[in-house]
Amino acid sequence: MRTFNTFIPNNRTLMGPGPSDVSPQVLNALARPTLGHLDPQFIELMDETKALLQYVFKTENQLTMPISAPGSAGMEACIVNLVEPGEKVIVCQNGVFGGRMKENVERAGAEAIVVTAQWGEPNSLESIEAALHAHPDAKFVGFVHAETSTGVRNDAQAICALAKQHDCMTIVDAVTSLAGIELRVDDWQIDAIYSGSQKCLSCVPGLSPVSFSDKALHKIQHRKTPVQSWFLDLNLIVGYWGQGGKRAYHHTAPVNSLYALHESLRLVHEEGLENSWHRHAAMHELLKTGLTELGLELLVAPESRLPQLNTVVIPDGVDDALVRNRLLNEFNLEIGAGLGALAGKVWRIGLMGHAATTKNIDFCLSSLRTVLR
Ligand SMILES: *Cc1c(COP(=O)(O)O)cnc(C)c1O
């Protein structure tokens, strides 16, 4: 008879593109007794989670909640609910995740007008404006705020302002940006936004916070065609996540994961959202100084660098996989490989949430120094 042992993972330090280190407080929350998903005590937790999500998104949007699936499902939820077949969506693509947005738009039966930028650079406002002029019938502009595949920050505030001038709604990927850099859903007039639990929120993977403006909600409620996805149809989900006492069963919420999300959001609230932004920026400066001392360079220009995702150019003659494997096997340290066009050319060092500490940075730099020697 084959035997199976309890799985005990190694204690890694996660400094890649996500998941990031999960704090012991969040892991403890996960281990608490499971409640029924319509238990009044659980409903209270849902209401608090919603209030905390409104806090981190800086929004008063009523339709703010976590989708019971990872960031990719949040992306799909935004697109299949808002975009109807035949509509035009301007999609900004400067890395892997913008490409996925295009794919989602096309699978929803809509037309994607793709505006590209070089990998490692932000989307230019001029090229987005040109697309808006060329396609006055476009209804949406979609873009990635923090492109995790390249380490580039797009100017979300400016892109949203431009989209509004052309009467377009905005769909924003904030999977890596939420809690890591400045993000203001209401001030910047974002209509639909999705994030992920496992990046700068430092929660376990598998949940996708989303938020929709009243204008977006109105569009969803007045579609000509039903949402193609039953599971992600917000018209049905609001019956479960909606305000007030009456909640109807839609699907069984991932109860314990939601305890973890609540705790991770509570920790951001305790630190203060702005303090969390500042900590990510300060830790990035520290890492950058150390990398420079090791003779390593960052790919992205300073003005569009993401503090929480540092793309490091692999020096000539250095074996990419060998370095990452040694970091993992000898130091229990995970850093990310390059994706797509940047595979083999860069490493991606994440400073996300609970992982963005001086202790981790010292550890990462000293491990890299040993391995590169
Ligand atoms: C990680 C990530 C996603 C996908 O999130 P999953 O939780 O892996 O599905 C989407 N967009 C960006 C920018 C990401 O970094």
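Residues are numbered from 1 along each chain as its sequence is written, and side-chain values use heavy atoms, with hydrogens and water left out. In this predicted model local features need pLDDT of at least 70 and side-chain atom pairs count only at pLDDT 80 or more, while totals for chains, interfaces and linings use all residues.

**Exercise 1. Describe the surroundings of the ligand.**

Step 1. List the residues near the ligand, that is, those with a heavy atom within 4 Å of it. They are Pro-70, Gly-71, Ser-72, Phe-97, Val-144, Ala-146, Thr-148, Asp-173, Val-175, Thr-176, Gln-198 and Lys-199.

Step 2. Sort this shell by class: Ala, Val, Leu, Ile, Met, Phe, Trp, Tyr, Cys and Pro count as nonpolar, Asp, Glu, Lys and Arg as charged, and the others, Gly among them, as polar. The shell holds 5 nonpolar, 5 polar and 2 charged residues.

Step 3. Identify polar contacts with the ligand, meaning pairs of N or O atoms within 3.5 Å. A polar side-chain atom of Ser-72 lies 2.5 Å from a ligand oxygen. For the side chain of Thr-148 the distance from an N or O atom to a ligand oxygen is 2.4 Å, and for that of Thr-176 it is 3.0 Å.

Step 4. State the burial, using accessible areas from the Shrake-Rupley method with a 1.4 Å probe. Taken alone, the ligand exposes 380 Å², of which the protein buries 89%.

**Exercise 2. Determine which elements line the largest pocket.**

Step 1. Recall the term: on a 1 Å grid over the protein atoms alone, a pocket is an open set of points where a 1.4 Å probe fits, with protein on both sides within 12 Å along at least five of seven lines; lining residues have an atom within 4 Å of a point.

Step 2. Give the volume, the space filled by probe spheres set on the points: about 460 Å³.

Step 3. Examine the lining. Among its 17 residues, Asn-11, Arg-12, Thr-13, Asp-21 and Val-22 lie nearest the centre of the pocket.

Step 4. Assign elements, which are DSSP runs (helices H or I, at least four residues; strands E, at least two). Strand E1 (13-15), helix H1 (24-30) and helix H12 (358-372) each supply at least two lining residues, and H12 gives the most, with 3.

**Exercise 3. State which domains contribute to the lining of the second largest pocket.**

Step 1. The second largest pocket has a volume of about 230 Å³. Closest to its centre, of 15 lining residues, are Leu-267, Glu-271, Arg-279, Gly-353 and His-354.

Step 2. Under an automatic or database domain assignment, domain 1 (13-18 + 274-372) and domain 2 (24-269) each supply at least three residues of this lining.

Definitions and conventions: A residue is near a molecule or strand if one of its heavy atoms lies within 4 Å of it. A polar contact is a pair of N or O atoms within 3.5 Å; within protein, one must be able to donate a hydrogen and the other to accept it, and residues adjacent in sequence count only if both atoms are side-chain atoms. Accessible areas come from the Shrake-Rupley method with a 1.4 Å probe; for residues, only the protein chains shown count as cover.
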